[in-house]
Amino acid sequence: MTLESVPPPRQRIHLVMAGHVDHGKSTVIGRLLVDTNSLPQGKLEQIRELCARTARPFEYAFLLDALKDEQAQGITIDAARVFFKTARRDYIILDAPGHIEFLRNMVTGAAHAEAALLVIDAEEGIRENSRRHGYMMSLLGIGQLAVVVNKMDLVGYRREVFERIAADYGRFLDEIGVKPRAILPACAREGENIAAPGPHLGWYDGPTVLEVLEQFEPERPPVDKPFRMPVQDVYKFTEEGDDRRIVAGTIESGGVAPGDEVVFYPSGKKARVKSLEAFNGPPPARAIAGQAAGFTLAEQIYVARGELAALATEVRPHVTTRLLVSLFWLGRGPLVKRKDYLLKLGTAKVLARVEEIHRVIDGSTLAARDGTDRVDLHEVAECTLQLQRALAFDDPEVALATSRFVLVDDSDIRGGGIVREALPDRQTWVRDKVLLRNFKWEASFIPGERRAERYGQKPVLLLLTGPRAVDRKRLAKELEVRLFNDGRVVYFLGMGNVLYGVDADLERTGNRAEHMRRLAEVANIMLDAGVILLVSAAELTAEDLELIRASVGADRVSTVWLGDRVTTDFRADLVVGEDEPLADAVERLRNFLHEAGVLFRPW
Ligand code: GTP
Ligand code: MG
């Protein structure tokens with residue numbers, strides 16, 4: 001095929017159906033398929049016959065069910081998506097059967113909806129979900145919305161009924177700050193005002209449903225926004241001696257090209273893009289928003305799934321452990337404080353707790369209540385979330401996709417929303433230094449994995465802490481000897497080793513945080529060298545630990561508490577009793593390191 005003969009890509013738009021149960025969402029879609037001749041030859045007749053044979057009344061919704069199992073026009077229709085095309089463009093419709101599916105599609109679905117069609121039954125009128133879905137869309141930032149007042153046949157096609165619903169719902173949308181593109185009457189079952197004006201709706205002179213759809217603008221992939229790619233996976237080349245990795249993901253905004261400096265957050269590690277990779281065919285000169293992309297790096301830094309890639313030259317994402325969010329709660333049980341939920345944003349997953357609930361609103365009635373410590377089913381809340389580790393994300397104005405999140409409890413999506421603001425946490429001052437340090441870090445030609453392979457271990461900082469009176473150093477040093485004799489690359493570092501050297505310019509007292517920061521910086525260098533580092537320090541607190549984790553990376557720190565009574569405010573990975581024989585304790589720590597995947601050569 002010559003270049004000239006390649007047709008320009010067809011415009012496509014993703015649409016989501018919303019509305020109360022049984023108000024006619026599937027019928028509207030079915031009718032659109034029929035009226036735009038999008039069905040495979042004979043499909044409609046086949047379903048009608050089947051209904052006649054089984055003495056069931058024909059439903060347009062059956063068309064959708066029938067299509068789900070087969071190929072239509074060369075595109076597979078999957079569980080929730082329906083395709084049809086007009087001369088102008090292709091439509092992909094998400095027929096979300098419930099709240100959770102709706103939210104899942106919006107936040108985690110492969111296709112983010114760009115526009116929504118909300119269906120209201122003229123006879124039943126506005127119901128809770130008519131409003132809730134409207135609210136969810138406004139919260140998730142779907143700007144384009146049209147409302148179909150369906151089943152006009154059931155109210156005798158009366159203009160007053162339509163106008164009352166249009167006025168009421170219009171007022172509701174206005175309150176939540178949404179401007180609908182159109183509110184229009186229709187009778188999906190008879191095809192009135194779906195693809196053509198209806199004979200019974202003579203008093204109406206606005207657009208048909210199809211005309212409104214054709215007027216929606218496809219959201220241009222945000223190519224001119226800052227580059228953002230949540231890292232989906234890191235693939236290793238299989239060739240012997242080839243250290244290259246392909247960092248892969250879907251680009252949510254902006255673009256990237258070879259030679260660009262990419263920074264990965266929350267760590268802030270930086271490397272140059274060496275090459276773009278394509279799974280089939282030649283790689284593009286630049287990969288842009290909306291595309292699945294893969295690239296290799298010129299410097300061998302460690303990158304993992306869950307990080308967010310950005311460009312060094314562009315505005316950077318926020319990194320913090322405290323978020324101000326607006327969220328929807330869809331769980332049967334309430335969202336409460338003092339409970340861990342899993343927050344998913346982009347490809348990142350992190351444990352989250354509710355620190356404060358500022359305001360709660362009923363998503364349907366818009367009634368607000370203050371001073372509460374729970375969020376019930378179908379309520380919308382403004383909360384502060386405290387995360388177990390730092391997360392990278394964006395303001396909705398910068399990149400919508402990397403500001404939307406879901407909350408998971410018991411492996412089910414229970415809520416979701418949007419991050420409104422990055423709040424400072426106790427580590428903000430350290431993190432800023434760490435981001436700069438990582439940004440400026442001079443990476444070795446030897447990737448960390450090569451060191452790990454040679455040493456048969458992963459670098460880790462093992463913090464041994466406990467009451468002042470308990471002898472931590474003894475255990476740490478015995479463990480060092482044991483690991484050394486095993487052939488491990490291990491090093492013991494006492495707090496005193498840092499205090500009088502690296503910290504010589506600091507007052508002994510009143511500078512705890514800075515002492516900790518320097519200790520962590522030393523540890524970070526040792527970990528980069530591939531070492532298992534054993535540090536003993538008295539009475540570490542959660543705040544110290546947070547600081548150290550922010551500095552060296554949370555997944556590279558393990559903690560041991562020595563003492564019968566745990567008097568600290570964090571939960572140590574391991575507790576060793578005061579009376580435990582030294583040899584047993586050493587063995588237990590060694591086992592722990594093995595189970596944690598730190599020691600991985602036969603031993
Ligand atoms: P769920 O997917 O269950 O939430 O329902 P839905 O919103 O997809 O509704 P569906 O399209 O399945 O329609 C529900 C019922 O309303 C069906 O029996 C349809 O035949 C009927 N219906 C849909 N549109 C019209 C209409 O314009 N007039 C009348 N009289 N009935 C309609
Ligand atoms: Mg349906």
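The questions and answers below concern a predicted model.

User: How many disulfides does the count come to?

Analyst: A disulfide requires two cysteine sulfur atoms within 2.5 Å. For Cys51, the closest cysteine sulfur belongs to Cys187 and lies 18 Å away, which is too far for a bond. The count of disulfides therefore comes to zero.

User: Is Cys383 buried or exposed?

Analyst: A residue counts as buried under 20% relative accessible area. The relative accessibility of Cys383 is 0%. Cys383 therefore counts as buried.

User: How many of the twelve residues of strand 17 are buried?

Analyst: Strand 17 spans residues 318–329 and is largely enclosed by the rest of the structure.

User: Which residue in strand 25 is the bridge partner of Leu324?

Analyst: Strand 17 pairs with strand 23 (residues 379–393) in the antiparallel sense, over ten bridges, and there Leu324 stands opposite Thr384. Strand 17 also runs antiparallel to strand 25 (residues 412–423), to which eight bridges join it. In strand 25, the partner of Leu324 is Glu421.

User: How many nonpolar residues are in the lining of the largest cavity?

Analyst: The model has two cavities of 30 Å³ or more, and the largest holds about 50 Å³ of space. Its lining comprises 13 residues, of which Gly306, Leu308, Leu345, Ala348 and Ala392 are the closest to its centre. By class, the lining has one charged residue, four polar residues and, as nonpolar residues, eight.

Methods. Residues numbered from 1 in each chain as written. Chains lettered and ligands numbered in written order. Predicted model: local features only at pLDDT ≥ 70, side-chain atom pairs only at ≥ 80, totals over all residues. Heavy atoms only, no water. Buried < 20%, exposed > 50% of the residue type's maximum accessible area, 1.4 Å probe, protein only. Helix = DSSP H or I, 4+ residues; strand = E, 2+ residues; numbered from the N terminus. Pairing = 2+ DSSP bridges. 1 Å grid on protein atoms, 1.4 Å probe; cavity = no way out; pocket = protein on both sides within 12 Å on 5 of 7 lines; lining within 4 Å. Points joined across faces, edges and corners; volume = space filled by probe spheres on them. Nonpolar A, V, L, I, M, F, W, Y, C, P; charged D, E, K, R; others polar.
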